[in-house]
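Colleague: I'd like to learn how to read a structure like this one, feature by feature. Could you walk me through it?

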Amino acid sequence: MHTDTERCVRAVRSKDARFDGWFFTAVRTTGIYCRPSCPAVPPKVENMTFLPSAAACQQSGYRACKRCRPDTSPGSPEWNARADTVARAMRLIQDGVVDREGVPGLAAKLGYSSRQLERQLLAELGAGPLALARAQRAQTARLLIETSALPMGDIAFASGFSSIRTFNDTVREVFALAPSELRVRAAGRGPGTAQVPGTISLRLPFRAPLTPDNLFGHLAATAVPGVEEWRAGSYRRTLRLPYGTGVVALTPQPDHIGCRLALTDLRDLTIAISRCRRLLDLDADPEAVDEQLRADPLLAPLVDKAPGRRVPRTVDAEEFAVRAVLGQQVSTAAARTHAARLVAAHGEPVTDPDPEGGLTHLFPSSRALAGLDPESLAQSLALPRSRRDTLTTLVAALADGSLPLGIDSDWEAARARLGALPGFGPWTTEIIAMRALGDPDAFIPADLGIRRAAKGLGLPSTPAALTARAAHWRPWRAYAVQYLWATEDHAINVLPA
(Lines give C-alpha, C1' and ligand atoms only; values in the text may rest on other atoms or scores of the structure.)
Protein backbone atom coordinates (compact mmCIF):
# COMPACT_ATOMS: atom_id res chain seq x y z
CA MET A 1 0.00 0.00 0.00
CA HIS A 2 2.91 2.38 0.68
CA THR A 3 3.34 2.96 -3.06
CA ASP A 4 -0.17 4.46 -3.38
CA THR A 5 0.69 8.00 -2.22
CA GLU A 6 -2.80 9.44 -2.64
CA ARG A 7 -4.41 6.68 -0.59
CA CYS A 8 -1.75 6.97 2.12
CA VAL A 9 -2.22 10.75 2.38
CA ARG A 10 -5.99 10.29 2.81
CA ALA A 11 -5.40 7.73 5.57
CA VAL A 12 -2.98 10.06 7.39
CA ARG A 13 -5.27 13.09 7.14
CA SER A 14 -8.25 11.11 8.45
CA LYS A 15 -6.08 9.47 11.17
CA ASP A 16 -7.51 6.12 10.11
CA ALA A 17 -6.35 3.47 12.60
CA ARG A 18 -7.37 0.68 10.21
CA PHE A 19 -4.16 1.29 8.30
CA ASP A 20 -1.82 1.11 11.29
CA GLY A 21 0.80 -1.48 10.40
CA TRP A 22 -0.03 -1.39 6.68
CA PHE A 23 2.46 1.43 6.12
CA PHE A 24 4.41 4.10 8.04
CA THR A 25 4.70 7.85 7.46
CA ALA A 26 8.23 9.23 7.58
CA VAL A 27 8.54 13.01 7.87
CA ARG A 28 11.62 14.37 6.13
CA THR A 29 11.75 17.67 8.04
CA THR A 30 11.64 16.14 11.54
CA GLY A 31 13.34 12.77 10.98
CA ILE A 32 10.42 11.02 12.72
CA TYR A 33 8.18 8.19 11.53
CA CYS A 34 4.56 7.67 12.64
CA ARG A 35 1.63 5.34 12.26
CA PRO A 36 -1.25 6.67 10.07
CA SER A 37 -3.45 7.37 13.12
CA CYS A 38 -0.87 9.57 14.87
CA PRO A 39 -2.73 12.30 16.85
CA ALA A 40 -0.19 14.98 15.87
CA VAL A 41 -1.05 17.56 13.19
CA PRO A 42 -0.36 15.89 9.80
CA PRO A 43 2.74 17.26 8.03
CA LYS A 44 2.67 18.84 4.60
CA VAL A 45 2.33 16.34 1.78
CA GLU A 46 5.68 17.32 0.27
CA ASN A 47 7.40 16.42 3.56
CA MET A 48 5.89 12.94 3.81
CA THR A 49 7.32 9.72 2.45
CA PHE A 50 5.71 6.33 2.97
CA LEU A 51 7.57 3.15 3.86
CA PRO A 52 6.35 -0.44 4.24
CA SER A 53 7.89 -1.33 7.61
CA ALA A 54 9.28 0.13 10.82
CA ALA A 55 12.59 -1.51 9.93
CA ALA A 56 12.71 0.40 6.64
CA CYS A 57 12.08 3.66 8.50
CA GLN A 58 14.82 2.93 11.02
CA GLN A 59 17.24 1.89 8.29
CA SER A 60 16.57 5.20 6.54
CA GLY A 61 17.51 7.10 9.70
CA TYR A 62 14.04 7.96 11.05
CA ARG A 63 13.18 7.80 14.77
CA ALA A 64 9.92 6.48 16.24
CA CYS A 65 7.33 9.09 17.18
CA LYS A 66 6.97 9.43 20.95
CA ARG A 67 3.23 10.16 20.72
CA CYS A 68 1.85 7.38 18.51
CA ARG A 69 4.59 4.78 19.21
CA PRO A 70 4.49 3.28 15.70
CA ASP A 71 6.68 0.33 16.69
CA THR A 72 3.74 -1.00 18.77
CA SER A 73 1.10 -0.90 16.03
CA PRO A 74 -0.57 -4.15 14.91
CA GLY A 75 1.44 -6.20 12.44
CA SER A 76 0.72 -6.04 8.73
CA PRO A 77 -2.16 -8.39 7.83
CA GLU A 78 -0.34 -9.28 4.62
CA TRP A 79 1.94 -11.77 6.36
CA ASN A 80 -1.01 -13.84 7.58
CA ALA A 81 -2.89 -13.71 4.28
CA ARG A 82 -0.08 -14.81 1.98
CA ALA A 83 2.08 -17.92 1.63
CA ASP A 84 4.82 -16.60 -0.66
CA THR A 85 8.48 -16.38 0.32
CA VAL A 86 8.36 -12.86 1.77
CA ALA A 87 5.31 -13.61 3.92
CA ARG A 88 6.80 -16.87 5.20
CA ALA A 89 10.08 -15.08 5.94
CA MET A 90 8.27 -12.38 7.91
CA ARG A 91 6.44 -14.97 10.00
CA LEU A 92 9.74 -16.69 10.78
CA ILE A 93 11.46 -13.40 11.68
CA GLN A 94 8.56 -12.57 14.01
CA ASP A 95 9.08 -15.99 15.60
CA GLY A 96 12.72 -15.13 16.34
CA VAL A 97 14.47 -17.40 13.81
CA VAL A 98 17.09 -14.80 12.85
CA ASP A 99 18.05 -14.29 16.50
CA ARG A 100 18.40 -18.04 17.05
CA GLU A 101 19.81 -19.26 13.72
CA GLY A 102 20.96 -16.17 11.84
CA VAL A 103 20.14 -15.21 8.26
CA PRO A 104 21.61 -18.47 6.86
CA GLY A 105 19.22 -20.45 9.07
CA LEU A 106 16.27 -18.35 7.90
CA ALA A 107 17.24 -18.79 4.25
CA ALA A 108 17.72 -22.55 4.66
CA LYS A 109 14.21 -22.94 6.08
CA LEU A 110 12.81 -21.21 3.02
CA GLY A 111 15.00 -23.01 0.49
CA TYR A 112 16.83 -19.90 -0.73
CA SER A 113 20.35 -18.54 -0.51
CA SER A 114 20.94 -15.66 1.91
CA ARG A 115 21.56 -13.31 -1.02
CA GLN A 116 18.31 -14.24 -2.79
CA LEU A 117 16.32 -13.79 0.38
CA GLU A 118 17.93 -10.43 1.15
CA ARG A 119 17.10 -9.24 -2.35
CA GLN A 120 13.42 -10.22 -2.07
CA LEU A 121 12.95 -8.60 1.35
CA LEU A 122 14.68 -5.39 0.28
CA ALA A 123 12.52 -5.16 -2.84
CA GLU A 124 9.25 -5.46 -0.95
CA LEU A 125 9.97 -4.16 2.55
CA GLY A 126 12.88 -1.79 2.08
CA ALA A 127 14.90 -3.69 4.70
CA GLY A 128 16.79 -6.96 4.88
CA PRO A 129 16.35 -9.74 7.46
CA LEU A 130 18.94 -8.32 9.86
CA ALA A 131 17.26 -4.89 9.89
CA LEU A 132 13.83 -6.48 10.37
CA ALA A 133 15.12 -8.57 13.27
CA ARG A 134 16.84 -5.52 14.76
CA ALA A 135 13.56 -3.57 14.70
CA GLN A 136 11.87 -6.45 16.49
CA ARG A 137 14.62 -6.59 19.12
CA ALA A 138 14.15 -2.87 19.74
CA GLN A 139 10.41 -3.35 20.21
CA THR A 140 10.99 -6.24 22.65
CA ALA A 141 13.50 -4.12 24.58
CA ARG A 142 10.97 -1.32 24.88
CA LEU A 143 8.34 -3.73 26.19
CA LEU A 144 10.68 -5.04 28.88
CA ILE A 145 11.91 -1.58 29.83
CA GLU A 146 8.38 -0.25 30.25
CA THR A 147 6.63 -3.28 31.74
CA SER A 148 9.22 -4.84 34.03
CA ALA A 149 11.67 -3.87 36.75
CA LEU A 150 14.47 -5.97 35.25
CA PRO A 151 18.00 -4.51 35.19
CA MET A 152 18.95 -3.08 31.81
CA GLY A 153 21.67 -5.67 31.32
CA ASP A 154 19.15 -8.50 31.66
CA ILE A 155 16.80 -6.73 29.26
CA ALA A 156 19.56 -6.33 26.68
CA PHE A 157 20.29 -10.04 26.46
CA ALA A 158 16.67 -11.11 26.84
CA SER A 159 15.81 -8.92 23.83
CA GLY A 160 18.39 -10.67 21.68
CA PHE A 161 21.17 -8.05 21.68
CA SER A 162 24.74 -9.36 21.72
CA SER A 163 26.03 -6.63 24.03
CA ILE A 164 24.79 -3.90 26.35
CA ARG A 165 26.50 -1.30 24.19
CA THR A 166 24.58 -2.42 21.09
CA PHE A 167 21.38 -2.39 23.13
CA ASN A 168 21.98 1.18 24.36
CA ASP A 169 22.94 2.45 20.90
CA THR A 170 19.93 0.84 19.21
CA VAL A 171 17.42 2.13 21.74
CA ARG A 172 18.84 5.65 21.48
CA GLU A 173 18.81 5.54 17.70
CA VAL A 174 15.28 4.11 17.33
CA PHE A 175 13.48 5.98 20.12
CA ALA A 176 15.70 9.06 20.59
CA LEU A 177 15.82 8.26 24.31
CA ALA A 178 18.17 6.31 26.52
CA PRO A 179 16.75 3.09 28.04
CA SER A 180 16.58 4.70 31.48
CA GLU A 181 14.66 7.67 30.03
CA LEU A 182 12.14 5.29 28.44
CA ARG A 183 11.52 3.73 31.83
CA VAL A 184 11.05 7.13 33.48
CA ARG A 185 8.57 8.20 30.76
CA ALA A 186 6.61 4.96 31.21
CA ALA A 187 6.40 5.54 34.96
CA GLY A 188 5.26 9.12 34.33
CA ARG A 189 2.24 7.95 32.33
CA GLY A 190 0.65 6.74 35.53
CA PRO A 191 -0.21 3.26 36.78
CA GLY A 192 -0.59 0.65 34.10
CA THR A 193 -1.49 -3.01 34.34
CA ALA A 194 -0.85 -4.35 37.83
CA GLN A 195 2.30 -6.45 37.83
CA VAL A 196 2.40 -9.88 39.44
CA PRO A 197 5.88 -10.90 40.64
CA GLY A 198 7.60 -13.07 38.04
CA THR A 199 5.28 -12.04 35.20
CA ILE A 200 5.29 -9.52 32.36
CA SER A 201 2.01 -7.74 31.63
CA LEU A 202 1.39 -5.98 28.34
CA ARG A 203 -1.33 -4.95 25.92
CA LEU A 204 -1.72 -6.62 22.52
CA PRO A 205 -3.24 -4.19 20.00
CA PHE A 206 -5.62 -5.19 17.20
CA ARG A 207 -7.57 -3.60 14.37
CA ALA A 208 -11.18 -2.97 15.34
CA PRO A 209 -13.75 -4.37 15.23
CA LEU A 210 -13.11 -7.61 17.10
CA THR A 211 -15.89 -9.93 18.28
CA PRO A 212 -14.39 -12.06 21.06
CA ASP A 213 -17.30 -14.48 21.54
CA ASN A 214 -16.35 -17.24 19.11
CA LEU A 215 -12.61 -16.55 19.47
CA PHE A 216 -12.33 -17.09 23.22
CA GLY A 217 -15.42 -19.29 23.31
CA HIS A 218 -13.81 -21.76 20.93
CA LEU A 219 -10.53 -21.83 22.84
CA ALA A 220 -12.31 -22.30 26.17
CA ALA A 221 -14.77 -24.95 24.95
CA THR A 222 -12.01 -27.07 23.41
CA ALA A 223 -9.44 -26.47 26.17
CA VAL A 224 -7.43 -29.56 27.13
CA PRO A 225 -7.42 -29.95 30.94
CA GLY A 226 -3.95 -29.38 32.36
CA VAL A 227 -2.78 -27.52 29.24
CA GLU A 228 -5.52 -24.87 28.89
CA GLU A 229 -8.22 -23.36 31.03
CA TRP A 230 -10.62 -20.43 31.33
CA ARG A 231 -10.15 -18.73 34.71
CA ALA A 232 -11.22 -15.34 36.07
CA GLY A 233 -12.10 -13.94 32.65
CA SER A 234 -8.90 -15.09 30.96
CA TYR A 235 -7.87 -17.89 28.65
CA ARG A 236 -4.73 -19.47 30.10
CA ARG A 237 -2.41 -22.07 28.64
CA THR A 238 1.10 -23.51 28.83
CA LEU A 239 3.67 -22.77 26.12
CA ARG A 240 6.57 -24.81 24.77
CA LEU A 241 9.20 -22.28 23.63
CA PRO A 242 12.71 -22.49 22.13
CA TYR A 243 14.57 -21.66 25.34
CA GLY A 244 12.14 -22.85 28.01
CA THR A 245 8.48 -22.96 28.94
CA GLY A 246 5.83 -20.39 29.75
CA VAL A 247 2.30 -19.75 30.89
CA VAL A 248 0.15 -17.04 29.31
CA ALA A 249 -3.15 -15.48 30.36
CA LEU A 250 -5.06 -13.63 27.62
CA THR A 251 -7.94 -11.34 28.60
CA PRO A 252 -10.31 -9.68 26.08
CA GLN A 253 -10.73 -5.93 26.57
CA PRO A 254 -12.65 -3.43 24.40
CA ASP A 255 -9.54 -1.89 22.80
CA HIS A 256 -6.80 -4.47 23.37
CA ILE A 257 -6.04 -7.97 24.61
CA GLY A 258 -4.48 -8.10 28.05
CA CYS A 259 -1.49 -10.45 28.06
CA ARG A 260 0.25 -11.74 31.17
CA LEU A 261 3.31 -13.93 30.57
CA ALA A 262 5.35 -16.02 33.00
CA LEU A 263 8.49 -17.34 31.25
CA THR A 264 11.31 -19.53 32.48
CA ASP A 265 13.67 -17.74 30.05
CA LEU A 266 13.12 -14.11 29.03
CA ARG A 267 14.75 -14.71 25.65
CA ASP A 268 11.43 -16.31 24.69
CA LEU A 269 9.44 -13.08 25.13
CA THR A 270 9.37 -12.07 21.45
CA ILE A 271 8.42 -15.57 20.34
CA ALA A 272 5.72 -15.86 23.01
CA ILE A 273 4.13 -12.55 21.98
CA SER A 274 4.23 -13.52 18.30
CA ARG A 275 2.53 -16.85 19.02
CA CYS A 276 -0.16 -15.26 21.17
CA ARG A 277 -0.95 -12.74 18.44
CA ARG A 278 -1.15 -15.57 15.95
CA LEU A 279 -3.35 -17.66 18.25
CA LEU A 280 -5.91 -14.83 18.42
CA ASP A 281 -5.49 -13.71 14.78
CA LEU A 282 -4.78 -10.17 15.99
CA ASP A 283 -3.07 -8.97 12.80
CA ALA A 284 -6.14 -9.61 10.66
CA ASP A 285 -7.79 -6.82 8.66
CA PRO A 286 -11.48 -7.19 9.64
CA GLU A 287 -12.61 -4.38 7.35
CA ALA A 288 -11.31 -6.18 4.25
CA VAL A 289 -12.70 -9.54 5.40
CA ASP A 290 -16.16 -8.27 6.30
CA GLU A 291 -16.49 -6.13 3.18
CA GLN A 292 -15.94 -9.21 1.01
CA LEU A 293 -18.33 -11.43 2.97
CA ARG A 294 -21.04 -8.72 3.14
CA ALA A 295 -21.27 -8.85 -0.63
CA ASP A 296 -23.16 -12.13 -0.22
CA PRO A 297 -26.73 -11.14 0.81
CA LEU A 298 -27.16 -14.33 2.86
CA LEU A 299 -23.99 -13.74 4.86
CA ALA A 300 -24.44 -9.97 5.27
CA PRO A 301 -26.84 -10.18 8.28
CA LEU A 302 -24.37 -12.43 10.13
CA VAL A 303 -21.52 -10.01 9.49
CA ASP A 304 -23.58 -6.98 10.51
CA LYS A 305 -24.68 -8.70 13.72
CA ALA A 306 -21.13 -9.42 14.97
CA PRO A 307 -18.46 -7.86 12.74
CA GLY A 308 -14.80 -8.62 13.20
CA ARG A 309 -14.87 -12.34 13.91
CA ARG A 310 -11.41 -13.90 14.03
CA VAL A 311 -10.17 -17.41 13.29
CA PRO A 312 -9.03 -19.12 16.52
CA ARG A 313 -5.62 -20.54 15.69
CA THR A 314 -2.89 -22.25 17.69
CA VAL A 315 0.48 -21.65 19.35
CA ASP A 316 1.87 -24.99 18.08
CA ALA A 317 1.00 -26.41 14.67
CA GLU A 318 2.17 -29.94 15.51
CA GLU A 319 0.09 -29.99 18.70
CA PHE A 320 -2.99 -28.93 16.78
CA ALA A 321 -2.46 -31.63 14.13
CA VAL A 322 -2.42 -34.29 16.84
CA ARG A 323 -5.54 -32.82 18.43
CA ALA A 324 -7.29 -32.73 15.04
CA VAL A 325 -6.78 -36.48 14.68
CA LEU A 326 -8.06 -37.07 18.21
CA GLY A 327 -11.14 -35.03 17.32
CA GLN A 328 -12.04 -36.93 14.14
CA GLN A 329 -15.72 -37.93 14.06
CA VAL A 330 -16.31 -37.25 17.76
CA SER A 331 -17.87 -34.47 19.80
CA THR A 332 -15.96 -31.55 21.29
CA ALA A 333 -16.23 -33.10 24.76
CA ALA A 334 -14.92 -36.47 23.54
CA ALA A 335 -11.99 -34.80 21.78
CA ARG A 336 -11.08 -33.02 25.03
CA THR A 337 -11.24 -36.32 26.91
CA HIS A 338 -8.90 -38.07 24.47
CA ALA A 339 -6.44 -35.16 24.56
CA ALA A 340 -6.57 -35.01 28.37
CA ARG A 341 -5.67 -38.71 28.59
CA LEU A 342 -2.74 -38.18 26.26
CA VAL A 343 -1.50 -35.21 28.29
CA ALA A 344 -1.87 -36.98 31.63
CA ALA A 345 0.05 -40.01 30.38
CA HIS A 346 2.77 -38.39 28.30
CA GLY A 347 2.80 -34.60 28.86
CA GLU A 348 5.74 -32.79 30.42
CA PRO A 349 4.91 -31.46 33.92
CA VAL A 350 5.12 -27.71 34.56
CA THR A 351 4.39 -25.47 37.53
CA ASP A 352 1.49 -23.04 37.29
CA PRO A 353 2.61 -19.61 38.58
CA ASP A 354 -0.95 -18.99 39.79
CA PRO A 355 -1.46 -20.96 43.01
CA GLU A 356 -5.16 -21.28 42.16
CA GLY A 357 -4.53 -22.23 38.52
CA GLY A 358 -5.06 -25.66 37.03
CA LEU A 359 -2.27 -25.81 34.44
CA THR A 360 -0.08 -28.86 35.00
CA HIS A 361 1.50 -29.99 31.73
CA LEU A 362 2.85 -29.09 28.33
CA PHE A 363 1.15 -30.93 25.48
CA PRO A 364 3.45 -33.85 24.54
CA SER A 365 5.77 -33.14 21.62
CA SER A 366 5.62 -35.20 18.43
CA ARG A 367 9.15 -36.44 19.14
CA ALA A 368 8.08 -37.73 22.56
CA LEU A 369 4.99 -39.43 21.12
CA ALA A 370 6.93 -40.97 18.24
CA GLY A 371 9.33 -42.52 20.74
CA LEU A 372 6.56 -44.39 22.54
CA ASP A 373 5.74 -48.03 22.04
CA PRO A 374 2.51 -48.17 19.98
CA GLU A 375 0.91 -50.45 22.54
CA SER A 376 1.76 -48.03 25.34
CA LEU A 377 0.17 -45.23 23.34
CA ALA A 378 -2.86 -47.40 22.62
CA GLN A 379 -3.37 -48.13 26.32
CA SER A 380 -3.47 -44.43 27.19
CA LEU A 381 -6.09 -43.69 24.51
CA ALA A 382 -9.45 -45.38 24.08
CA LEU A 383 -9.41 -44.98 20.30
CA PRO A 384 -10.41 -47.29 17.46
CA ARG A 385 -7.42 -49.06 15.90
CA SER A 386 -7.74 -47.12 12.65
CA ARG A 387 -7.55 -43.82 14.55
CA ARG A 388 -4.53 -45.04 16.54
CA ASP A 389 -2.81 -45.99 13.28
CA THR A 390 -3.53 -42.52 11.89
CA LEU A 391 -2.10 -40.92 15.03
CA THR A 392 1.09 -43.00 15.09
CA THR A 393 1.69 -42.35 11.38
CA LEU A 394 1.21 -38.63 11.92
CA VAL A 395 3.56 -38.29 14.91
CA ALA A 396 6.22 -40.37 13.11
CA ALA A 397 6.05 -38.04 10.08
CA LEU A 398 6.20 -34.95 12.30
CA ALA A 399 9.13 -36.30 14.33
CA ASP A 400 11.31 -37.33 11.37
CA GLY A 401 10.70 -34.06 9.49
CA SER A 402 8.95 -35.59 6.48
CA LEU A 403 5.84 -33.56 7.38
CA PRO A 404 6.97 -30.03 8.27
CA LEU A 405 4.14 -28.05 9.85
CA GLY A 406 4.77 -24.53 11.05
CA ILE A 407 4.37 -20.85 10.39
CA ASP A 408 6.76 -21.13 7.42
CA SER A 409 4.86 -23.97 5.73
CA ASP A 410 3.82 -23.74 2.12
CA TRP A 411 0.06 -24.22 2.51
CA GLU A 412 -0.56 -26.26 -0.64
CA ALA A 413 2.51 -28.45 -0.15
CA ALA A 414 1.43 -29.13 3.45
CA ARG A 415 -2.07 -30.06 2.25
CA ALA A 416 -0.61 -32.54 -0.23
CA ARG A 417 1.56 -34.18 2.44
CA LEU A 418 -1.31 -34.38 4.91
CA GLY A 419 -3.67 -35.83 2.31
CA ALA A 420 -1.17 -38.59 1.57
CA LEU A 421 -1.29 -39.87 5.16
CA PRO A 422 -3.70 -42.72 5.96
CA GLY A 423 -6.85 -41.55 7.70
CA PHE A 424 -6.55 -37.93 6.54
CA GLY A 425 -9.60 -36.74 4.64
CA PRO A 426 -10.58 -33.23 3.50
CA TRP A 427 -12.03 -32.24 6.91
CA THR A 428 -8.85 -33.01 8.87
CA THR A 429 -6.59 -31.48 6.22
CA GLU A 430 -8.58 -28.26 5.97
CA ILE A 431 -9.05 -27.76 9.72
CA ILE A 432 -5.26 -28.04 10.12
CA ALA A 433 -4.75 -25.63 7.20
CA MET A 434 -7.19 -23.17 8.81
CA ARG A 435 -6.10 -23.24 12.45
CA ALA A 436 -2.54 -24.58 12.47
CA LEU A 437 -1.11 -23.20 9.22
CA GLY A 438 -3.19 -20.01 9.19
CA ASP A 439 -4.56 -20.19 5.63
CA PRO A 440 -7.37 -17.57 5.58
CA ASP A 441 -9.03 -19.35 2.65
CA ALA A 442 -9.25 -22.84 4.19
CA PHE A 443 -12.76 -24.24 3.87
CA ILE A 444 -14.57 -27.30 5.32
CA PRO A 445 -17.86 -27.67 3.40
CA ALA A 446 -18.43 -31.23 4.66
CA ASP A 447 -18.39 -30.16 8.34
CA LEU A 448 -21.73 -31.01 9.93
CA GLY A 449 -22.08 -27.62 11.62
CA ILE A 450 -21.34 -25.80 8.36
CA ARG A 451 -23.88 -27.86 6.45
CA ARG A 452 -26.59 -27.23 9.06
CA ALA A 453 -25.84 -23.50 9.07
CA ALA A 454 -25.88 -23.36 5.27
CA LYS A 455 -29.24 -25.10 5.10
CA GLY A 456 -30.71 -22.74 7.69
CA LEU A 457 -29.57 -19.69 5.74
CA GLY A 458 -30.77 -20.97 2.39
CA LEU A 459 -27.26 -21.68 1.10
CA PRO A 460 -26.48 -24.92 -0.75
CA SER A 461 -25.85 -27.64 1.84
CA THR A 462 -24.07 -30.29 -0.23
CA PRO A 463 -20.26 -29.94 -0.11
CA ALA A 464 -19.83 -29.51 -3.87
CA ALA A 465 -22.57 -26.91 -4.25
CA LEU A 466 -21.48 -25.01 -1.15
CA THR A 467 -17.88 -24.94 -2.37
CA ALA A 468 -19.05 -23.47 -5.68
CA ARG A 469 -21.09 -20.79 -3.87
CA ALA A 470 -18.15 -20.04 -1.53
CA ALA A 471 -15.97 -19.05 -4.47
CA HIS A 472 -17.43 -15.55 -3.99
CA TRP A 473 -16.06 -15.46 -0.41
CA ARG A 474 -12.44 -16.01 -1.40
CA PRO A 475 -9.80 -15.36 -0.14
CA TRP A 476 -11.59 -15.25 3.25
CA ARG A 477 -13.49 -18.55 3.41
CA ALA A 478 -11.97 -19.44 6.81
CA TYR A 479 -13.68 -16.34 8.22
CA ALA A 480 -16.95 -17.31 6.54
CA VAL A 481 -16.67 -20.59 8.45
CA GLN A 482 -16.58 -18.63 11.72
CA TYR A 483 -19.74 -16.72 10.80
CA LEU A 484 -21.52 -19.94 9.79
CA TRP A 485 -20.47 -21.78 12.94
CA ALA A 486 -21.74 -18.86 15.01
CA THR A 487 -25.34 -19.55 13.92
CA GLU A 488 -25.44 -22.65 16.13
CA ASP A 489 -26.23 -22.81 19.82
CA HIS A 490 -22.88 -24.26 20.89
CA ALA A 491 -20.37 -23.48 23.63
CA ILE A 492 -17.72 -22.52 21.07
CA ASN A 493 -19.77 -19.42 20.23
CA VAL A 494 -20.18 -18.11 23.77
CA LEU A 495 -17.69 -15.99 25.69
CA PRO A 496 -17.44 -17.79 29.06
CA ALA A 497 -18.74 -15.93 32.10
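Modeller: We will take strands, a helix, cores and a cavity in turn. This is a predicted model, where local features need pLDDT of at least 70 and side-chain atom pairs count only at pLDDT 80 or more, while totals for chains, interfaces and linings use all residues. Residues are numbered from 1 along each chain as its sequence is written, and side-chain values use heavy atoms, with hydrogens and water left out.

Colleague: Let's start with strands. Which strands pair with β8?

Modeller: Strands are DSSP runs of E with at least two residues, helices are runs of H or I with at least four, and both are numbered from the N terminus. Two strands pair if DSSP finds at least two bridges between them. Here β7 (residues 234–240) pairs with β8 in the antiparallel sense over 6 bridges, and β8 pairs with β9 (residues 257–263), also antiparallel, over 7 bridges.

Colleague: Is β8 enclosed or open to the outside?

Modeller: In a regular strand the side chains alternate between the two faces of the sheet. We call a residue buried under 20% relative accessible area, exposed over 50%, and partly exposed in between, using a 1.4 Å probe and protein chains only. In β8, 8 of the 8 residues are buried, so the strand is largely enclosed by the rest of the structure. One side carries Thr-245, Val-247, Ala-249 and Thr-251, the other Gly-246, Val-248, Leu-250 and Pro-252, and both faces are covered.

Colleague: What does Thr-245 touch?

Modeller: Contact means heavy atoms within 4.5 Å. Thr-245 is buried, with a relative accessible area of 19%. Leaving aside neighbours within four places in sequence, its contacts are Leu-239, Ala-262, Leu-263, Thr-264 and Leu-362.

Colleague: Now a helix. What do the buried residues of α15 pack against?

Modeller: An α-helix has 3.6 residues a turn, so residues three or four places apart point the same way. Helix α15 (residues 317–326) is mostly covered, with 9 of its 10 residues buried. Those buried residues pack against β6 (228–231), β7, α16 (332–346), α17 (366–370), α19 (385–400) and α21 (426–435).

Colleague: Which residues have the most contacts inside the largest nonpolar core?

Modeller: In soluble globular proteins, nonpolar side chains tend to be buried together. A nonpolar core is a set of buried Ala, Val, Leu, Ile, Met, Phe, Trp, Tyr and Cys residues joined through side-chain atoms within 4.5 Å. The largest one has 60 residues, and those with the most contacts inside it are Leu-293, Val-322, Leu-394, Leu-405, Ile-432 and Trp-473. A second, separate core has 50 residues, including Ala-158, Leu-177, Leu-280 and Val-315.

Colleague: Finally, which residues lie nearest the centre of the largest cavity?

Modeller: On a 1 Å grid over the protein atoms alone, a cavity is a set of points where a 1.4 Å probe fits but cannot get out, and lining residues have an atom within 4 Å of a point. The largest cavity is lined by 11 residues, with Lys-66, Arg-142, Leu-177, Leu-182 and Arg-185 nearest its centre. Helices α7 (129–147) and α10 (179–188) each supply at least two residues of that lining.

How values were computed. 1 Å grid on protein atoms, 1.4 Å probe; cavity = no way out; pocket = protein on both sides within 12 Å on 5 of 7 lines; lining within 4 Å.
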